[in-house]
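Welcome, and thanks for taking a look. Here is a short briefing to read beside the sequence and the model.

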Amino acid sequence: MSELRRILHIEDDPSIQSVTKLALEAVGGFEVLSCSSGAEALREAPGFAPDFVLLDVMMPGMDGPETLARLRECLDLERIPVAFMTAKVQSSEIEHLRKLGARDVIIKPFDPMRLADQIRSIWNADRY
Amino acid sequence: MGEQVRLELQRQLQAQREQYAERLGQELPELAGLAARLEQQAGLASGRQRVQALRERLHRIAGAAGTFGFGHLGNRARALEQRIDRWLDSQKPSGQALAALARSIRQFASQLPEPDSELSQPAATEPDEELSSRCRVFFLESQPDAAQASAQALRNFGYEVCHSADRQALLAAIDRQPPDALVVSVREAEDLAAIAALQQRLETPLPLLVIHDRFDFASQLAAVRAGAQGYFVRPLDVTLLETGLERCLNRPQHDPYRVMIVDDDADLAERYSLVLQNSQMHTRVVSEPAQALDVMQAFNPEVLLLDVNMPGCSGPELAQIIRLRDEWLRVPIIYLSAETDIGRQMAALLKAGDDFITKPISDSQLIASVYSHAQRARSLSTALARDGLTGLLKHADIKEQLALEVHRAARSDKPTSVVMLDLDHFKGINDGHGHAAGDSVIRALANLLRQRLRRIDSLGRYGGEEFVVVLPECPASEAARIIDEIRQRFAELTFSTSAGAVFQVTFSAGISETDGRSSASELLERADRALYRAKHAGRNRVVAGTGG
């Protein structure tokens with residue numbers, strides 16, 4: 001399996017965007033590209049070639065699930081795990097997001113000090 | 001991560017928190033303005049659209065605030081968001097309910113955002129905590145007499161009771177503001193069906209107690225399907241109902257379950273740990289079986305997750321070692337294994353296990369399994385430590401608790417009061433109305449005490465009809481006032497027997513106060529002498545001892 005280095009992060013909220021970037025770069029040592037919308041992500045994704053995609057669910061315009069569907073056209077999502085981030089905590093919702101093809105769902109609010117570990121454990125989850 | 005990097009990171013995180021706080025300073029007033037407008041125009045057809053806009057803002061706060069150290073604010077935003085969802089999903093969304101909702105949002109957004117304090121103490125240790133805050137109970141009962149009697153009895157126990165005479169009124173009241181618990185006196189089969197439908201659309205089902213005429217299987221099944229946690233048959237023993245309410249409201253949500261994970265694959269163990277932590281459980285990971293016993297001793301887990309195949313010592317072997325100790329006999333052991341052979345699973349279970357989860361393990365399966373075992377284990381251990389009839393501390397435990405409080409009082413220089421309390425003419429009740437009636441009196445007094453006292457107060461059943469109450473940081477004069485108020489309420493309770501007899505009961509109490517010198521036994525003796533004086537002076541009264 002290749003190494004986890006580059007993470008594509010798609011999130012419209014600027015505060016969450018910057019704290020996530022900080023958490024993943026400083027704690028996790030990853031390289032992070034932050035996009036503020038699904039459209040921006042679709043433009044940037046092929047050039048960035050992420051190892052992992054972290055995707056907000058509720059976004060104006062193109063929402064998380066739609067972005068995921070469109071990303072499939074330009075990224076090999078069989079190989080690149082996608083995790084959703086959401087403040088929705090119902091288990092039915094989480095189940096729904098998994099069915100869309102997300103490897104896992106990270107619940108907001110998250111702890112910035114632990115986020116990198118959470119992502120790494122999702123990345124490693126293939127082994128189980 | 002090096003210390004330098006960590007400090008720099010902390011500094012940056014702090015800066016981001018401050019930025020977020022500034023942002024809240026703008027967003028909350030905007031939200032308050034939108035909510036105020038909605039409140040005034042809740043009847044308009046545009047209400048639905050407007051509330052959606054509020055919902056989006058609340059959703060953003062719910063998702064972000066906790067990350068920036070405003071977890072409390074985030075939780076309240078989430079609760080409001082869920083109320084909006086309920087309103088949007090309800091069959092007949094009312095303008096009145098929407099106005100109430102908008103008002104709550106306006107109040108929420110009008111407060112200054114307070115970051116969570118890292119040193120925040122659990123509420124139980126607040127010295128100025130008044131009598132326990134009142135729980136709101138919604139009560140459906142279509143028969144006026146029964147409604148009047150039961151509602152009054154519950155009020156005497158300190159509940160805030162809102163009575164509805166029909167289903168529609170009840171459902172509308174719940175839409176306006178959901179209660180802490182629901183008591184439904186079933187008169188028609190549709191009652192439970194309506195409640196079941198209601199519970200379906202709620203984010204978290206309401207604790208439900210059902211009162212019914214029949215005790216047959218089908219009725220109980222319907223009750224359970226509606227989410228019942230208690231089932232009572234008419235004629236109603238209100239003290240049993242009250243005990244049921246206590247039980248479902250006191251589910252200690254503030255105390256996370258403790259789970260220990262033993263797996264030689266550290267990454268895997270860490271993954272389980274994260275999943276459980278995200279469900280508000282406390283976890284400890286042990287990757288070396290030989291260390292398990294020490295960690296167990298220190299951490300005192302309520303559930304144990306054991307990998308079956310570990311080098312050096314297998315899961316079942318470790319389980320047998322653990323089961324050698326009496327004090328750990330009650331801790332449920334769940335095996336984690338790639339083993340799919342049922343025969344071998346059974347063999348492992350027979351060696352000291354309780355359950356088996358097969359890898360690969362889904363998060364939801366892991367959570368559900370651990371949660372159900374933890375819940376069961378905790379209720380069992382509470383049941384064993386407490387007096388069976390009242391749920392209060394037993395004789396030896398309340399004495400131990402008193403000794404602790406006496407020490408604490410000596411250090412803190414604040415007086416602690418000790419109350420010895422005894423039912424008046426109790427033998428007559430047992431003889432005249434039977435032991436079942438006597439038991440329900442004892443239960444009623446226990447429940448009333450629990451309701452009316454603070455969480456820091458300790459309560460014990462000292463003997464048959466004798467109780468001990470320890471009130472920390474409370475002088476005898478104040479204790480006398482509180483106990484006397486309880487005495488008056490208790491005297492108002494009416495008990496009925498299955499034979500149709502109706503009677504009332506009183507109690508007497510004696511109080512002593514710590515003085516920095518006296519031991520726990522001396523204080524108990526002094527309270528007992530005061531109790532004797534209360535009895536001697538005609539019973540149904542409270543006497544505070546005057547030193548020596």
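How many residues of chain B are in contact with chain A? The count is 29 residues of chain B, in contact with 22 residues of chain A, where contact means that C-beta atoms, placed from the backbone, lie within 7 Å. This is a predicted model, in which local features need pLDDT of at least 70, side-chain atom pairs count only at pLDDT 80 or more, and totals for chains, interfaces and linings use all residues. Residues are numbered from 1 along each chain as its sequence is written, while chains are lettered from A and ligands numbered from 1 in the order in which they are written.

**The side of chain B that touches chain A**
- Helices H1 (3-40), H2 (47-64), H3 (71-89) and H10 (266-278) of chain B each give two or more residues; helices are DSSP runs of H or I with at least four residues, strands are runs of E with at least two, and both are numbered from the N terminus.
- H1(B) supplies the largest share, eight residues.

**Chain A**
- Chain A has five helices and five strands, in the order β-α-β-α-β-α-β-α-β-α.
- Of its 128 residues, 38% are buried, that is, have 20 or more other C-beta atoms within 10 Å of their own, against 12 or fewer for exposed ones.

**Helix H15 of chain B**
- Ile398(B), Leu402(B), Glu405(B), Val406(B) and Ala409(B) are buried in H15(B).
- These residues share one side of H15(B) because they cover an arc of only 110° around the axis, taken from the directions from the axis to the C-beta atoms.
- Ala396(B) and Arg411(B), on the other side of H15(B), are exposed.

Definitions and conventions. Two residues are in contact if their C-beta atoms, placed from the backbone, lie within 7 Å.
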